[in-house]
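User: Can you take me through this model? I'd like to start with the metal sites and then move to the fold.

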Amino acid sequence: MKILWCWRCRMELPMLDEVEYKKVYELYGKGIKSREGTYEERFKELMDYYEEVTGFSETIPNAIMHHRIAQYGGPCEKCGKPYRTPLASFCAACGNKKPIEPVT
Ligand SMILES: [Zn+2]
Ligand SMILES: [Zn+2]
């Protein structure tokens, strides 16, 4: 988990790394498939996990699902805001050119 600027919410929020996101994705899928209980009850496991990892309580499952570090291309070396997309060649916030990652 890392606090990063979210371009969609226009505020700093906890974002999930790939390990955490995988778990959240599972719990989200479970909530979607479940037909029992209210909306809140079905996504309770997801909310509980999110709160446990981030310390923030969130009430909208979709808000959690777009807070994934990888989706935003990681933080800019200069200003710390995410690059917005993994394919961005420069930072949309400060104009810093993204270092070219060595192809492996
Ligand atoms: Zn957001
Ligand atoms: Zn930047």
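Analyst: What follows covers the metal sites, then some backbone details and the packing of secondary structure. Keep in mind that this is a predicted model.

User: Which residues hold the zinc ion (ligand 1)?

Analyst: Its donors are Cys6 (SG), Cys9 (SG), His66 (NE2) and His67 (NE2), at 1.9 to 2.2 Å. Along the chain they follow the spacing C-x2-C-x56-H-H.

User: What is the geometry at the site of the zinc ion (ligand 1)?

Analyst: The site is tetrahedral, with angles of 96 to 117° among the 4 donor atoms. For reference, the ideal angle for four tetrahedral donors is 109.5 degrees.

User: And His66 and His67, buried or exposed?

Analyst: His66 is buried, and His67 is buried as well.

User: OK, the zinc ion (ligand 2). What are the protein donors there?

Analyst: Cys76, Cys79, Cys91 and Cys94 each give their SG atom, and they lie 2.3 to 2.4 Å from the zinc ion (ligand 2). The spacing of these donors is C-x2-C-x11-C-x2-C.

User: Why is the arrangement around the zinc ion (ligand 2) called tetrahedral?

Analyst: Because the 4 donor atoms subtend angles of 107 to 111°. The cut-off asks that all angles for four donors lie between 85 and 135 degrees.

User: Where do Cys91 and Cys94 stand on accessibility?

Analyst: Cys91 has 1% relative accessibility, so it counts as buried. Cys94 is at 33% and therefore counts as partly exposed. The buried class is under 20% relative accessible area, exposed is over 50%, and partly exposed is in between.

User: Where does Arg10 lie?

Analyst: Arg10 is in the loop between strand E1 (2-6) and strand E2 (11-15). E1 and E2 form a hairpin with 4 residues between them, and Arg10 belongs to that turn. At 60% relative accessibility, Arg10 counts as exposed.

User: How many bridges join E1 to E2, and do the strands run parallel or antiparallel?

Analyst: There are 5 bridges, and the strands run antiparallel. One pairing to look at is Leu4, whose bridge partner in E2 is Leu13.

User: What is phi of Arg84 near?

Analyst: Phi of Arg84 is near 85°, again a positive value in a residue other than glycine. Arg84 sits in the segment after helix H4 (61-65). With 41% relative accessibility, Arg84 counts as partly exposed.

User: Now the helices. How do the axes of H1 and H3 meet?

Analyst: Helix H1 covers residues 18-33 and helix H3 residues 44-54; their axes come within 8 Å and cross at roughly 160°. H1 and H3 are therefore roughly antiparallel to each other, given that the cut-off for that class is over 145 degrees.

User: Is that crossing of H1 and H3 left-handed or right-handed?

Analyst: The crossing is left-handed.

User: Last one. Where does Phe56 lie?

Analyst: Phe56 is in the loop between H3 and H4. At 41% relative accessibility, Phe56 counts as partly exposed.

User: And what separates the C-alpha atoms of Phe56 and Leu13?

Analyst: A distance of 8.9 Å, with the two residues 43 residues apart along the chain.

Technical notes. Residues numbered from 1 in each chain as written. Chains lettered and ligands numbered in written order. Predicted model: local features only at pLDDT ≥ 70, side-chain atom pairs only at ≥ 80, totals over all residues. Heavy atoms only, no water. Donors = N, O, S within 2.8 Å, 3.2 Å for Na, K, Ca; no water. Tetrahedral: all angles 85-135°; square planar, octahedral: opposite > 155°, others 65-115°. Buried < 20%, exposed > 50% of the residue type's maximum accessible area, 1.4 Å probe, protein only. Helix = DSSP H or I, 4+ residues; strand = E, 2+ residues; numbered from the N terminus. Pairing = 2+ DSSP bridges. Axes fitted to C-alpha atoms, helices over the stretch in contact; angles between N-to-C directions. Parallel < 35°, antiparallel > 145°, perpendicular 65-115°, else oblique. Left-handed = near helix turned anticlockwise from the far one by under 90°.
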